[in-house]
Amino acid sequence: MTLQSTMMDFLEEPLPGVGTYEDFNTIDWVREKSRDRDRHREITSRSKESTWALIHSVSDAFSGWLLMLLIGLLAGSLAGLIDISAHWMTDLKEGVCLAGFWFNHEHCCWKSNTTFTDRDKCPEWKSWSQLILGHGEGAFAYILNYFMYVVWALLFSLLAVLLVKGFAPYACGSGIPEIKTILSGFIIRGYLGKWTLIIKTITLVLAVSSGLSLGKEGPLVHVACCCGNILCHLFTKYRKNEAKRREVLSAAAAAGVSVAFGAPIGGVLFSLEEVSYYFPLKTLWRSFFAALVAAFTLRSINPFGNSRLVLFYVEFHMPWHLLELVPFILLGIFGGLWGAFFIRSNIAWCRRRKTTKLGKYPVLEVFVVTAITAILAFPNEYTRMSTSELISELFNDCGILDSSKLCEYVNDFNSTKGDDLPDRAAGPGVYTAMWQLALALIMKVFITIFTFGMKVPSGLFIPSMAVGAIAGRLLGVAMEQLAYYHHDWAIFSGWCSQGADCITPGLYAMVGAAACLGGVTRMTVSLVVIMFELTGGLEYIVPLMAAAMTSKWVADAIGREGIYDAHIRLNGYPFLEAKEEFSHKTLAMDVMRPRRNDPPLTVITQDSMTVEDVETIINETTYSGYPVVVSRESQRLVGFVLRRDLIISVENARKKQDGIVSTSIIYFTDHSPPLPPSSPSMLKLRSILDLSPFTVTDQTPMEIVVDIFRKLGLRQCLVTHNGKLLGIITKKDVLKHIAQLANQDPDSILFN
């Protein structure tokens, strides 16, 4: 038997698992994009050979749009299911509909054929005291309603935390920090899986219905990304390529925001500005298509929703005045201060949760926070109602027929024209509403800090908007009364005469909501567009932008990180922020490993190591990959091989290739090395070798290295000097270096 016949050219056909990644590792963007280009070139060349190949080429090109359609339909359907269920279960805490227990309060009253004066008190809807005691008046009826409210809240929240703990631990929280990290190339197995999707959908309904200070908007982005990830498995080009899959997840994130707010354009901009790491032009259009499909699917399957295509429709009758930019900017300052305060307080609480016994009892924590929230919320009608309903009430511009306390002014309709009401003196109802809103503001400011990050699905958009909307409405009413009683002051003269409709408190609430959401998330353009799509108020873009930019500047002056970036750092995820500048004068040699006095760099030689030698290296180290050099003496770089690919290839060769033993030589060259005829079969693994690993010299400024890691999405780069291998810099090394220069704990970066 000749040497040529005993030597096997292994891996001519790729093995299952080769080219894939282990959990909590980063993908190789360069390799994934190169694979996709090769696949596309092959399909294009084959399309000229036969009609079937041409059809396959067309279907491959169309598959992306089909996938977007499926994501939009599934995400919109699940969002509709969540919306309907949460609305019904939220109302269940206060009573039940006799016409059908499955009707929520609003729909129950729509079905009523009886005339009633108060829109909230139709005869078909019964509170728990009316159902059990037969009447709803008196102290005992109030206590019974109070008790039932707290019991239902505790039941819903406990079910949510137990389901999350028992079946899908990844279903808790907002999900946006992890999605940002995944879209940057990180692998978290199961985070976007089917069990996470099922449990998150169920527990999101329960968590929102419990009355906790949280929203469903962030978790809906997670739900939509789960839909995208699961549907990717239907298409080979997305199933087998991690970079292509992340394009789909970027579009799914846009669909998630679209169904959360009814804002397709804002959803795309949110994905582009806040979430996505890689966002090519074709992804932009596909994201918009998925967002549109999701929004219209939600609107078509939710018969209980608003008939309009916006979540908080507003119709303000008077335009804003230039001088009102001053209070709008003040709201921006408040939003920035609130955002910075919330982030610092929430991160401190979450860190305490992780480092103390508190983190060991998530069920008890949820129970205590829910109990406190429900007990404090019930007496105040503005905290008892759902947060979305509260925001809608605060955005509302008072009309003649409005029966809300916020609209109980001293009536003087002599100067009323159409729907326009003049500024009027506040009545007792307005003053009562003001102190109730002030108490609601204090409660929501503090209770949200402890709620966000618990082991239940929890979004931050709606609670942040509620804080800002309350503050804005309070300021708006104060400005309105100031203008009414002091219309002769210089600041009001010329544009706010007596009896005119000058100040719109609902507009202040809308601007305050944008300011607080911007202060927490540091969103700007996408925030303004979302607010415009939420309310339909195109003419109020300038006040919204002024407040959003002011809140961002104020919050950035106190701390550079938004809430999602802060949670990424808290969890130790390897996320390299593309927006931050690196201005330090360090070199690649200062960051690379091995450092001075460290053991030498672990390498594999191209044609002189045995299977046993390579297996020993794998067993004794935990590195994600190994440089391949010509020899230990020369240290001339040949390429780079991934640990996972090496393990799979060697194990398969031992099982399936005859003659492969521990003393068999592994070689990565085109031609086998000269060996005696009696030598065992050799193992050729050139096909798993990356022949063009990214390299820098030891004198390369770290400013350039960091930029390369950001723009190319590298996992690692090798450091050379005059062509000889010196060391390696991984993404984790870069992040640790940045943390060290920022006086942060470099060991907080947990994953590679």
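**View 1. Ser 184 and the residues around it.** Leaving aside neighbours within four places in sequence, Ser 184 touches Trp 29, Tyr 277, Pro 574, Phe 575 and Lys 731, where contact means heavy atoms within 4.5 Å. This is a predicted model, in which local features need pLDDT of at least 70, side-chain atom pairs count only at pLDDT 80 or more, and totals for chains, interfaces and linings use all residues. Residues are numbered from 1 along each chain as its sequence is written, and side-chain values use heavy atoms, with hydrogens and water left out. Ser 184 counts as buried because its relative accessibility is 1%; buried means under 20% relative accessible area (1.4 Å probe, protein chains only).

**View 2. The disulfide of Cys 97 and Cys 108.** A disulfide is a covalent bond between the sulfur atoms of two cysteines; here, it is a pair of cysteine sulfur atoms within 2.5 Å. In Cys 97 and Cys 108 the sulfur atoms are 2.1 Å apart. The torsion about their S-S bond is about 80°, so this disulfide is right-handed.

**View 3. The disulfide of Cys 109 and Cys 122.** These two sulfur atoms lie 2.2 Å apart. With -70° about the S-S bond, this link is left-handed. Both Cys 109 and Cys 122 are buried.

**View 4. The disulfide of Cys 398 and Cys 407.** Here the sulfur atoms sit 2.0 Å apart, and the link is left-handed, with -85° about the S-S bond. Cys 398 is buried at 9% relative accessible area, and Cys 407 is buried at 11%.

View 5. Cys 227 is buried, with a relative accessible area of 0%.

Methods:
Buried < 20%, exposed > 50% of the residue type's maximum accessible area, 1.4 Å probe, protein only.
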